[in-house]
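These are my notebook entries on a structure that I looked up residue by residue. I set down what I asked and what I found.

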Amino acid sequence: MRTLIKNGTLITAAETFRADILIEGEKIAAIGASLNAPGARVLEAEGKLVLPGGVDVHTHFDLPMFGTVSSDDHYTGHKAAAFGGTTTVIDFVSQDYPALRQCVDAWHERVGGKAAVDYSFHMNITHLYPDTLAELPVLLDEGISSIKVFTAYNNRLRLPDNDILRAMRVAGKHGILTMMHAENGDVIELLVAEALAQGRTEPIWHARTRPAWSAVEAVLRGAALAGMADAPLYVVHMNAAGEVDMLAYARAQGLPVMGETCPQYLFFSEEDLQRPDGAKWICSPPVRTPADQERLWQGLADGTLQALATDHCPFFYNGAQPIEYEGKPVAIPGKELGRDDFTRIPNGLPGVGDRLPVLWTYGVGAGRLTPNQFVALTATQPARIFGLYPQKGALLPGADADIVLWNPAQRLTYGVRYAHHRTDYNLYEGWKLQGFPETVLLRGQVIVHQGEWRGRPGMGRFLKRSSGEVI
């Protein structure tokens with residue numbers, strides 16, 4: 001099938017220009033002025049912006065936690081991503097078995113035939129079994145070129161620093177990128193125990209027991225380990241001003257260290273945790289302060305941070321009350337599980353569908369980011385870092401035809417109605433937005449058009465990734 005997108009304004013990470021795009025099958029075949037393609041389906045893009053589909057490299061679908069499971073699976077979460085203009089997501093494989101290949105196989109089974117956009121996996125490394133280090137190169141055969149380690153979640157996910165160093169050495173040698181959740185697990189364990197002993201169980205204590213300084217020192221420690229391992233590091237969900245400072249310092253020393261932040265850290269603070277419904281904002285690491293928000297914005301604008309992902313991991317606010325999803329009632333236990341104890345509130349927020357619309361209005365529209373930076377942070381640079389470029393994140397001949405026709409004039413009052421996450425709330429309910437995806441194509445197929453879902457379970461494909469770049 002041939003499709004011709006006519007008269008749009010293309011926005012890439014580097015350029016803005018008017019052109020047509022010819023799609024042959026699943027790929028971009030040509031880009032130029034006044035293209036002709038007899039018999040092709042024409043999508044008129046006059047007055048629209050034409051962007052590469054978003055790439056969200058930090059998502060959690062169907063993730064077990066605290067006796068329940070995140071409420072979006074690999075269909076509902078992918079569908080929400082598509083409505084928000086994201087056409088590629090990367091999820092995390094839990095290390096539930098001693099053999100890494102067995103873990104990966106189990107996660108493929110978990111996805112089943114649900115995928116509605118293209119996707120890939122990172123591999124969590126939370127235990128070093130006797131053969132784990134020797135198995136790391138096997139991940140490349142599986143198309144997985146990134147691992148994730150944790151300096152928090154003692155006795156569950158955390159590796160000691162010496163094991164992180166060992167894993168980073170092997171990963172770096174084989175072109176595998178190490179990602180890090182950077183907090184001080186020992187400090188958190190102490191502060192949580194003290195808070196509970198004092199009867200401090202409200203949601204605000206989630207943030208107060210995970211202080212910013214514990215994250216700041218962990219980022220610098222992670223950068224030091226990267227230097228000692230001679231291996232690249234990508235710090236996930238950075239949320240504190242000092243973390244950006246530490247990342248800037250490490251990069252100034254020539255260390256191959258990169259970082260991402262997420263929308264929740266740009267827009268919300270500890271004050272939200274003190275609301276009557278503060279459990280909605282519980283995520284790890286926690287939201288911080290307005291001063292931290294400002295430094296994160298600076299880091300995005302000046303290139304200290306390389307990506308904006310979401311850490312999408314939604315839970316119902318009240319899982320005892322069903323919602324309607326695709327015509328059927330759905331209720332999944334959620335944040336009400338920790339009504340009387342912040343340590344039992346599932347950690348995670350919806351966001352995969354919110355990322356692009358909210359960032360466009362309050363980043364580009366507010367003058368904090370240029371349209372080209374928007375594309376770089378949400379599509380092109382994530383694709384480059386994680387070994388997907390130029391197949392994804394690009395408007396180039398030969399790239400997958402993952403394309404968003406963006407209506408910069410559309411105004412709406414945002415919230416659950418537009419987000420399409422399978423949960424009962426949206427963090428941005430009632431926010432005024434200008435600029436929204438109008439038509440979304442996945443490999444040349446229209447999957448969203450003017451609020452109508454045209455995708456289906458099973459049309460998303462697993463992406464086998466190669467080694468990425470250090471930006």
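Against which strands and helices do the buried residues of H2 pack? I found that they pack against strand E9 (86–93), strand E10 (118–124), helix H3 (132–135) and helix H4 (138–141).

**Basis.** I worked from a predicted model, in which local features need pLDDT of at least 70 and side-chain atom pairs count only at pLDDT 80 or more, while totals for chains, interfaces and linings use all residues. Residues are numbered from 1 along each chain as its sequence is written, and side-chain values use heavy atoms, with hydrogens and water left out.

**Helix H2.** I took helices (H or I, at least four residues) and strands (E, at least two) as DSSP runs, numbered from the N terminus. I listed Leu100, Cys103, Val104, Trp107 and Val111 as the buried residues of H2; buried means under 20% relative accessible area, exposed over 50%, and partly exposed in between, with a 1.4 Å probe and protein chains only. Seen down the axis of H2, these residues fall within an arc of 95°, so they line one face of the helix. The arc is that of the directions from the helix axis to the C-beta atoms. I noted that Gly112 follows H2 with a positive phi, near 55°.

**Helix H6.** Here Gly185, Ile188, Val192 and Ala195 are buried. Their arc about the axis of H6 is within 90°, so they line one face of the helix. I recalled that an α-helix has 3.6 residues a turn, so residues three or four places apart point the same way. The buried residues of H6 pack against helix H7 (204–208). At the N-terminal end, Asn184 caps H6, with a side-chain oxygen 3.1 Å from the backbone nitrogen of Asp186.

**Asn154.** I located Asn154 in the loop between strand E11 (146–150) and helix H5 (161–173). Is Asn154 buried or exposed? Asn154 is buried, with a relative accessible area of 14%. Leaving aside its neighbours within four places in sequence, I found Asn154 in contact (heavy atoms within 4.5 Å) with Gly185, Asp186 and Glu189.

**Charges over rings.** I counted a charge as over a ring if NZ of Lys or CZ of Arg is within 6 Å of the ring centre and within 35 degrees of the ring normal. Arg208 lies over the face of Trp205, at 5.0 Å from the ring centre. Lys280 lies over the face of Tyr317, at 5.0 Å from the ring centre.

How values were computed: A polar contact is a pair of N or O atoms within 3.5 Å; within protein, one must be able to donate a hydrogen and the other to accept it, and residues adjacent in sequence count only if both atoms are side-chain atoms.
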